[in-house]
Amino acid sequence: MGNQGMEELIPLVSRLQEAFSAVGQSCSLDLPQIAVVGAQSSGKSSVLENFVGRDFLPRGSGIVTRRPLVLQLVSGITEYAEFLHCKGKKFVDFEEVRKEIESETDRVTGANKGISPVPINLRVHSPHVLDLTLIDLPGITKVPVGDQPADIEYQIRDLIMQFICRDTCLILAVTPANIDLSNSDALKLAKDVDPQGLRTIGVITKLDLMDEGTHARDVLENRVLPLHRGYIGVVNRSQRDIDGKKDIKAALVAEEKFFRSHPAYRNMVGRIGTVYLQKLLNQQLTNHIRETLPAFRCKLQSQLLGLKKEAEEYRTYRPDDPSHKNKAMLQLVHHFALDFEKKIVGYGEQVDTSELSGGAKINQIFHERFPFELVKMECDEKEMRREISYAIRNIHGIRSGLFTPDMAFEAIVKKQIGKLMGPCMKCVDMVVQELISIVHQCTTKLGSFPKLRDATERIVNSHTQDQASQCRDEVSLIIEMQLSYINTNHEDFIGFANAQQKNSQKNNKIPSGTQGPVFLHHSQIVIHKGWLTINNISIIKGGARKYWFVLNTESMSWFKDDEEKEKKFMLPLDNLKVRDMEKTFMSTKHVFAIFNTEQRNVYKDYRHLELSCDTQEEADSWKASLLRAGVYPEEKDEDGQSENSNSMDPQLERQVETIRNLVDSYLNIVYKCIRDLLPKTIMHFIINSLKDFIHSELPAQLYSTEDHMTLMDEFPEQAQRREEVLRVHAALKEALAIITDISTSSTSIPLPRLEDGVRQRARHGPRRRSSSPSGPGAPSRAPAPSAPASPVPKSSGPSRSLTSSRPNRAAPTIPRRQPPAVPSQSAP
C-alpha cells in the first residue's frame with residue numbers, strides 16, 4: 001500500500017488511544033489522529049461508511065453526531081466491531097453498532113440534541129479496510145432546530161476546535177461540490193487553526209450532483225484554494241441509494257464507473273475516489289505519526305515523571321488491608337518526623353526563599369528578638385533615681401548616713417531583675433507559636449487522611465504546651481535564683497570603689513540599668529551603627545539627608561557613607577536627651593529628636609537634631625542604644641511640660657550616682673547570663689524534647705487511640721484522586737512501553753513542493769485541460785508563486801458554485817516550506 005516498514009505505527013496509535021481512553025485522557029495527550037470536519041449533510045458519514053464498507057452510523061435530520069466518534073479501522077481476517085465501553089463484546093451486526101452509538105450518545109447527552117466532548121471509541125476489524133484512525137465530529141450548523149440550545153453553533157465550534165487546534169491532528173475538511181469553495185465551513189475552520197494549509201486534507205463530495213457541463217477539476221488539481229496536502233474527490237451514495245439499501249461495494253463500483261466515464265475526471269481515476277482517499281489517509285497519518293512521535297514520547301515522559309512521586313505514595317496504601325494501613329501510617333508518621341527535624345536543623349529539599357521559617361526563625365527569636373525585648377524595656381530614669389534616693393533615705397531612717405548603704409543597691413537590683421520575667425516569658429511564647437506553625441506545615445503530607453492529621457497535630461501540640469509549661473517554670477526558677485543571691489564578688493562587677501571613681505569623673509554619663517549590656521570602660525566602645533536621616537536641615541543647606549551614624553559611649557558621629565572615611569560631624573553626648581516627635585501628615589518615617597538640656601545648640605545653629613528611621617523597630621532600637629550610652633528620655637511633668645530635675649543634697653546625689661553605677665554593672669552581668677541561659681533552657685525543655693517525642697512516643701500514642709484504624713480514613717475525593725493518579729500513571733507507563741516496542745526506522749515519502757510544479761510548467765509550457773490528470777499535491781498542478789491570487793468565480797446556478805469549466809487564472813501563493821509526506825502517485 002505504498003507504506004512498507006511503517007505498518008505498525010497506526011496500530012500503535014490505536015493501542016495508545018485505547019490505553020488513554022480507559023482513563024479519560026485520550027483528548028488531553030494530543031495523539032496523532034485525523035479529525036473529520038464538515039457541515040451537516042456534507043457527506044461526512046458516507047465517506048466514513050465507505051471506508052468501512054458497512055452502514056453503521058446514525059442518520060436523520062438535525063444534529064446526529066453529538067459526541068466525537070473515535071473510529072479505529074484495523075485490517076484483519078474477520079469482520080466485527082467492538083466498543084471500548086463494552087469490553088469483550090463483539091458486534092457482528094452493524095445495525096446493532098448504530099443502535100449502540102445512539103444509546104451511548106443519549107446516555108451522556110440526553111435526548112434533547114445536546115452535545116458532549118466525551119468521545120465514543122469504536123474499533124472495526126475487517127479484511128476490507130486499511131489501518132486508520134479517524135474522529136468523526138458533529139456537523140457544523142448555523143441555526144438551532146427544535147429543542148436545540150440557542151448557542152448550538154458556538155458549542156459545536158468549540159468542540160471541533162478542541163481537536164483540530166492541536167498540531168498533532170490532521171484535518172479532513174469535507175466540502176460538497178455543489179457549494180462555493182470559499183463558503184466552505186470546514187475549510188474556514190481549518191484555516192483558522194492551520195492558515196498555511198499544512199495539516200489540512202480537502203475532500204470534495206457530491207461531484208455527481210454538479211450541473212451538466214461543470215466540473216471541479218481545478219479544485220482537485222489544487223488550483224483554487226491550494227493546500228499542501230491537496231484535495232481528493234469522491235462520489236457517495238445518494239439519499240435514495242441509502243433508503244434503497246444500496247450496497248456500499250456496488251456504490252464504490254458506481255463511483256469508479258462515474259470517474260472513468262466523466263470527461264473531466266477520466267484521466268484522474270488513479271488519484272481520486274474513496275479507495276485512493278483511504279490509502280492516502282493511511283500514508284499521511286503514518287508519516288504524521290512518525291514526525292510527531294519523538295515530541296509525543298517526551299511529553300509522555302514528562303507527565304510520567306510528574307506523577308511518579310505521587311503514584312509511589314498512593315501505591316503503598318491499600319484501603320481494605322489493615323496491615324497495609326498500619327504500614328502506611330507508620331511511613332507517614334516517619335516522614336513527618338524527618339520533615340520536622342529538617343525544618344528545625346535547617347536542611348531539606350524545599351528551601352523557603354520568601355521569609356524566615358523553622359529553625360532560622362527560632363534562631364532569630366533567640367538572638368535578635370529577645371535581646372531587643374530586653375533593650376526595649378521601659379526605663380524612667382527620673383523614677384529610678386527617685387527610687388534610689390528614697391531607698392537610701394529610708395535605710396538611714398532618722399539618722400543622716402555618712403556612707404552609701406548596700407541595701408539600697410540590692411533593693412533596686414532585685415526590682416529590675418524581677419522585670420526580666422516578662423521578656424523571658426514572651427520569648428518562650430514566640431518559640432512555641434513557631435513550633436506549632438512548623439508542625440502544621442509538616443503535616444501537609446498527611447492531608448489525604450484528615451483524622452490522622454488532626455490527631456497528630458493535637459498530640460504534638462499538647463506535648464509542646466506541656467513542655468512549654470515546664471520551661472516557664474524553669475525560667476521562673478532561673479529568675480528566682482538570680483533574686484536569691486546578689487553576687488557582688490563577681491569578677492565583672494565594678495565594685496564600690498570603681499563606682500565612686502566613675503562618679504567623680506567630670507562629664508561621665510551613667511547608663512541605664514534596664515537597657516542591656518553597659519560599657520563602663522574608659523575607652524570609647526561602639527554601641528550602634530546604621531543609617532539615619534536628618535530631617536530638619538534647611539532647604540537652602542540641602543534639605544533632609546541620610547548619613548551613616550556611629551554611636552559609642554562618649555559621642556555620636558555621622559559619615560557620608562558606611563565606609564566611615566569622610567566624617568561629617570561628631571556630637572559629644574554630654575547633657576543630651578531624647579524627645580519623641582509626632583509624625584507629620586505626609587510623612588511615613590518615625591522621628592525622634594536629640595537636644596541639649598542646657599539650651600545650647602546641638603549642631604551648628606540648630607537647637608535640636610531631628611532623626612528619622614523607616615520603621616518603628618529601627619527607631620526603638622536607636623533610642624534603646626542611646627539609653628545604653630546615657631542619653632535618656634526627656635522628663636515631663638503632669639502637664640506634659642519638660643522639666644529638669646533640681647539638684648538635691650550633694651552628698652545624697654553622690655550616693656545615688658554610686659548606686660546607679662553599681663546597678664548598671666550588676667544588671668549587665670545578669671542580662672548576659674539570662675541571654676545565654678534562656679535559649680539553652682528552651683532548647684532542652686521544648687525543642688529537643690519535642691524531637692525525641694515525635695520520633696519515639698508519637699507512633700505509640702497514635703496507636704493507643706480507641707480506634708486507630710479510622711485514622712487512615714480518606715476523603716471520598718482523595719480516594720477518587722488516588723485511583724485516578726494510579727490509572728493515569730499505569731496508562732503512561734503502558735504507552736511508553738508501546739512506543740519503545742515499535743521501530744520507526746523507515747523513511748516517509750516527502751510531499752512534492754508547489755514550486756516543483758512551477759518549474760515543470762516553465763519547462764513544458766502551460767498545461768491544457770485535456771492533458772493527463774494529477775492527484776492532490778502533484779507538482780504540475782501547483783500555481784506559480786508570482787501569480788496573483790484570484791477569487792473563486794461565483795456560480796450562476798444553485799449547483800454550479802464550486803467551480804466553472806473555465807480554468808482559473810491563478811491561485812494564492814503558498815510559502816516555501818517542506819510539508820509532510822503524501823503517498824506514492826501510483827494508481828491503486
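Strand β13 (residues 576-580) pairs with β16 in the parallel sense, over two bridges. Lys 577 stands opposite Tyr 632 of β16. This is a predicted model. The protein chain averages a pLDDT of 75, and 74% of the residues score at least 70.

**The sheet with β13 and β16**

- Eight strands make up this open sheet, in the order β12-β11-β10-β9-β15-β14-β13-β16, and the pairing is mixed.
- The edges are β12 (567-572) and β16 (632-633); each has a single partner strand, so one side of each is left without a neighbour in the sheet.
- Helix α17 packs on the sheet and touches β9 (526-534), β10 (545-552), β11 (555-559), β13, β14 (590-596), β15 (608-613) and β16.
- The direction of α17 makes about 130° with that of β9.

**Lys 623 on helix α17**

- Lys 623 belongs to α17, which covers residues 616-628.
- Its side chain makes a polar contact with the side chain of Asp 580, at 3.0 Å.
- Neighbours within four places in sequence aside, Lys 623 is in contact with Val 578, Asp 580, Phe 592 and Gln 616.

**The sheet with β1**

- Another open sheet has eight strands in the order β3-β4-β2-β5-β1-β6-β7-β8, again with mixed pairing.
- Its edge strands are β3 (80-83) and β8 (231-233), and each pairs on one side only.
- From one strand to the next, the twist averages 25°.
- Helix α2 (residues 44-52) packs on this sheet, touching β1 (33-38), β2 (69-75), β4 (120-126), β5 (132-136), β6 and β7.
- The direction of α2 makes about 155° with that of β5.
- Strands β6 (residues 169-176) and β7 (residues 200-205) run parallel and are joined by six bridges.
- Val 174 has Val 203 as its bridge partner in β7.

- Ala 35 takes part on both sides: its bridge partner in β6 is Ile 171, and it stands opposite Ile 135 in β5.

**Nonpolar cores**

- The largest nonpolar core has 71 residues, of which Leu 435 and Ile 682 touch the most other members.
- At least two residues of this core come from each of α10 (322-345), α11 (359-375), α12 (381-396), α13 (406-418), α14 (421-442), α15 (450-484), α18 (650-696) and α19 (698-703).
- Helix α18 gives the most, with 19 residues.
- Beyond neighbours within four places in sequence, Ile 682 is in contact with Phe 366, Cys 427, Val 428, Val 431, Cys 471 and Ile 687.
- Apart from this core lies another, of 54 residues, including Leu 69, Ile 101, Leu 172 and Leu 307.

**Confidence**

- The protein chain has an average pLDDT of 75.
- Residues 743-749 have a pLDDT below 50, and this stretch has 18 contacts in the model beyond near neighbours in sequence.
- The pLDDT is also below 50 over residues 751-828, a stretch with 189 contacts in the model beyond near neighbours in sequence.
- Where pLDDT is low, the predicted coordinates should not be read in detail.

Definitions and conventions: Residues are numbered from 1 along each chain as its sequence is written. This is a predicted model: local features need pLDDT of at least 70, side-chain atom pairs count only at pLDDT 80 or more; totals for chains, interfaces and linings use all residues. Side-chain values use heavy atoms; hydrogens and water are left out. Helices (H or I, at least four residues) and strands (E, at least two) are DSSP runs, numbered from the N terminus. A polar contact is a pair of N or O atoms within 3.5 Å; within protein, one must be able to donate a hydrogen and the other to accept it, and residues adjacent in sequence count only if both atoms are side-chain atoms. Contact means heavy atoms within 4.5 Å. Two strands pair if DSSP finds at least two bridges between them. Axes are lines fitted to C-alpha atoms, for helices over the stretch in contact, and angles run from 0 to 180 degrees between N-to-C directions. pLDDT is the predictor's confidence in each residue, from 0 to 100. A nonpolar core is a set of buried Ala, Val, Leu, Ile, Met, Phe, Trp, Tyr and Cys residues joined through side-chain atoms within 4.5 Å. Buried means under 20% relative accessible area, exposed over 50%, partly exposed in between (1.4 Å probe, protein chains only).
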